[in-house]
Amino acid sequence: MDIRSQIAMVFHLDKCIGCHTCSIACKNVWTDRKGADYMWWNNVETKPGTGYPTKWEDQNEYKGGWIIKNGKLELRLTSKGKFLQKIFYQPDLPTMDEYYEPWTYRYEDLFTAPETDDQPTAIPISKVTGEYIDIEAGPNWDDDLGGSALYARNDPNLEAMTEEQRLQLLSIETLVMFYLPRICNHCANPACVAACPSGAIYKRGEDGIVLVNQNVCRGWRYCVSACPYKKVFYNWSTGKSEKCLLCYPRVETGQAPACFHSCVGRIRYMGVLLYDADKIQEAGVRPDEELVTAHREMLMDPFDPAVIEAAKKNGVTEQIIKAAQNSPVYKFVKEWGLALAPHPEFRTFPSLFYVPALGPVTYSVENGVALNPTSADEIFAPLDQARLPMSYLASLFGAGQEAPVRYAMKKMMAIRTWKRAVTVGDVDMQVALDGLREADCTTEQAEAIYRLTSLCNYEDRFVIPPSHREQAVEVLTNPLEKKGAAGFGFREQPVRGA
Amino acid sequence: MLRHFETRSVLKLMLLPTLLVAGSVCQAQDAEAQFRKTCMSCHTIGAGKKVGPDLKDLGKRRPHEWATKFITGPLAMIDGGDPTATTLLRENNGVKMPELGVTVAEAQALLKLIDDYSAQGKTLGTAAISRPATPEDIRRGRLYFTGDLRFKSGAPACMSCHRAQGVGGWGGGWLGPDLTGATAKYGAGLSGVIENPSFPTMQGVFSKTPASAEEAFQVASYLKSVGSQPPASRDVAFPVLGVVGLVGGMLLGGHLGRKRFKGVRKNLRSR
């Protein structure tokens, strides 16, 4: 057993209102720079839709993630032999067109334009070339199903549905949507780290955050291609790759990352997971239908004495173990089985899990009209009549398997029905309790899920252990070295006569 | 103020001899490079006769003024009936020294170089090989020309740029002139021209990898043996082969890379 600690995340999609506040918080803090303008370390996508960069989920195009070859995991992008061949011209890189060309407007024209009969206009100019551009795409061009005839229709997950389902989904008035906020998944088996020829990307030992060392990065951009979630970006100004760093300066000081902190719907949870790194290789080669289970088996019970002992042997501190025991992520993922990793078939084992959206999905339609629940006992239509077929969600969260998605959806529906019986009282209590039992849920668990979903405060959502950076620093330098020094002054020693 | 000025003048004066010594070393090197470039095809210093006479002890044989005048404008002197020049022309089988565009200053530097080398007993250049060419020489010369035999220095084969009669079906490169009739133009000097070419294009290629005297003699012998034949045919097969190779290579590259990323967003609409 090789127990490591991983700072992990849950996004509760039922609560996401698609306001993009997270994206803006991240942009303001990290990527409002030349060369990084086009990057959105955090972005919010509308599903069905093609996302950012366009169709990132389609690995036939982008060649990201892992595949099984001869019973072993191998990068889909390249093999050890092939990668040197292509290192100077890597043929699988997304172009700027797949992201979008960043632009601004020439605002000074509004003041300097000569007097004419017409209002002056601030024309759009590219932030790359400074020339006029005809804007054709943006980072969320398909937001709220904009251009759905083009973008929603090309969602790679639609391939899992039958032709009939697809037609029904895409016809007007029956089209349904939900939001999918995305950041770097800080995977347990990151393809970007494996692909880097310079060894510039690394997964931090203490909390599993995946970072790019800007001093070592040589801009080969294999990480950009290898990441199946397309969350490593190339800065064309510095010539280095950059990615979400989970606001580690904030995490180290006990604060939630900027996108988590600013989330209006409070959809984001952060906590520690203890996982067994010895199991990654074995779990990685399991068939698609076992991937969700294999991933959950990797996550270990933080109360198990054997796990605690093994964790301590690996230098995981008491506080981190305690944080793991209180982790909202562990509850959502392992205890309750509600949260699922995006596209587990990429086999990177993401540390970001999603609770699938219930609301827009389960209200059923008949003859193009959304159905209201007919009886008070059944406030939801059955899953098989869901507006968004389970096969779609299974493609997004279950590696094509409907069972884990259905389990989570059923449980959430049962809890809402039960809660309605408790607080409103227009549902028969026995029906509600039967529903809970069918959904593999006790009343205690239902109450706990309800509280962590609806009444969660800052401390409930973010259980961030102390990082002990002061101890980590001692490994590299002696903190007492500067004791008694002035505390300010020269970064480099002055040299006489220089 | 005055003191300061004086100090600086003295410093300058002290610097002067250093500069002079450095300057003369520089000049000597320049002159040697110039000699290799302009003169060595036909002359040596102390290594014997080549196309033109051995220049050892030139300063003792002729006054400097005459030599300078001759180097800067040989044809004017030969055609103008200068008695010494006429005698020299007869002695050297009627091969006229060409106009080389050497300036007076360069000529004087060259003469100084010749005097220095003569005084020190150093030699520069190699004498011409005067034995008659054997069939073996001609055979080897042809192999050097086609590249079947490599020059010892690693220099590229003549055929890369030149054509000549008798090297095979496709004749050779089109970059340089046809060399079938080269003997008629250079006569006995051809071997020296090959050894120390005075053409800027060839100097770029051969200055670091010159052919040896023996190799040059054999190539020249080969060219002499085909000198009476008509020029090589300008066969189009050689450039056609090049174009076909390029197009074929590009098609192959395109096929091997057919699975490369070709863009996603722009292609959405056309589907």
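**A sheet in chain A and its surroundings**

Mentor: Happy to! Let us start with an open sheet of 3 strands in chain A, ordered β12-β1-β13, with mixed pairing. Its edge strands are β12 (268-276) and β13 of chain A, and each of these pairs on one side only. On average, neighbouring strands of this sheet are turned by 30 degrees against each other, direction ignored. Please keep in mind that this is a predicted model.

Now look at how β13 is attached. Strand β1 (residues 3-12) of chain A pairs with β13(A) in the parallel sense, over 4 bridges.

What about the two faces of β13? In a regular strand the side chains alternate between the two faces of the sheet. Strand β13 of chain A spans residues 352-355, and both of its faces are covered. A:L352 and A:Y354 are buried on one side, while A:F353 and A:V355 are buried on the other.

Helix α14 (residues 318-325) of chain A lies across β1 and β12 of chain A, and runs at about 115 degrees to β12(A).

Most residues other than glycine have a negative phi, and most peptide bonds are trans. The loop between β2 (43-47) and α2 (59-62) of chain A holds A:P48, which is joined to A:K47 by a cis peptide bond with omega about -5 degrees. A:P53 lies in the loop between β2 and α2 of chain A, and a cis peptide bond joins A:Y52 to A:P53, with omega about -10 degrees.

Positive phi values turn up in loops as well. A:D144, in the loop between β6 (124-126) and α6 (163-170) of chain A, has phi near 50 degrees. A:D144 counts as exposed because it has 11 C-beta neighbours inside 10 Å. For A:C247, phi is near 45 degrees, and its place is the loop between β11 (240-243) and α9 (248-251) of chain A. With 23 C-beta neighbours inside 10 Å, A:C247 counts as buried.

Finally, there is the contact between the chains: chain A gives 13 residues and chain B gives 9 residues. On the side of chain A that touches chain B, the residues divide into 5 nonpolar, 3 polar and 5 charged.

Terms used:
Residues are numbered from 1 along each chain as its sequence is written. Chains are lettered from A and ligands numbered from 1 in the order in which they are written. This is a predicted model: local features need pLDDT of at least 70, side-chain atom pairs count only at pLDDT 80 or more; totals for chains, interfaces and linings use all residues. A residue is buried if 20 or more other C-beta atoms lie within 10 Å of its own, exposed if 12 or fewer, and partly exposed in between; C-beta atoms are placed from the backbone. Two strands pair if DSSP finds at least two bridges between them. Two residues are in contact if their C-beta atoms, placed from the backbone, lie within 7 Å. Ala, Val, Leu, Ile, Met, Phe, Trp, Tyr, Cys and Pro count as nonpolar, Asp, Glu, Lys and Arg as charged, and the others, Gly among them, as polar. Axes are lines fitted to C-alpha atoms, for helices over the stretch in contact, and angles run from 0 to 180 degrees between N-to-C directions.
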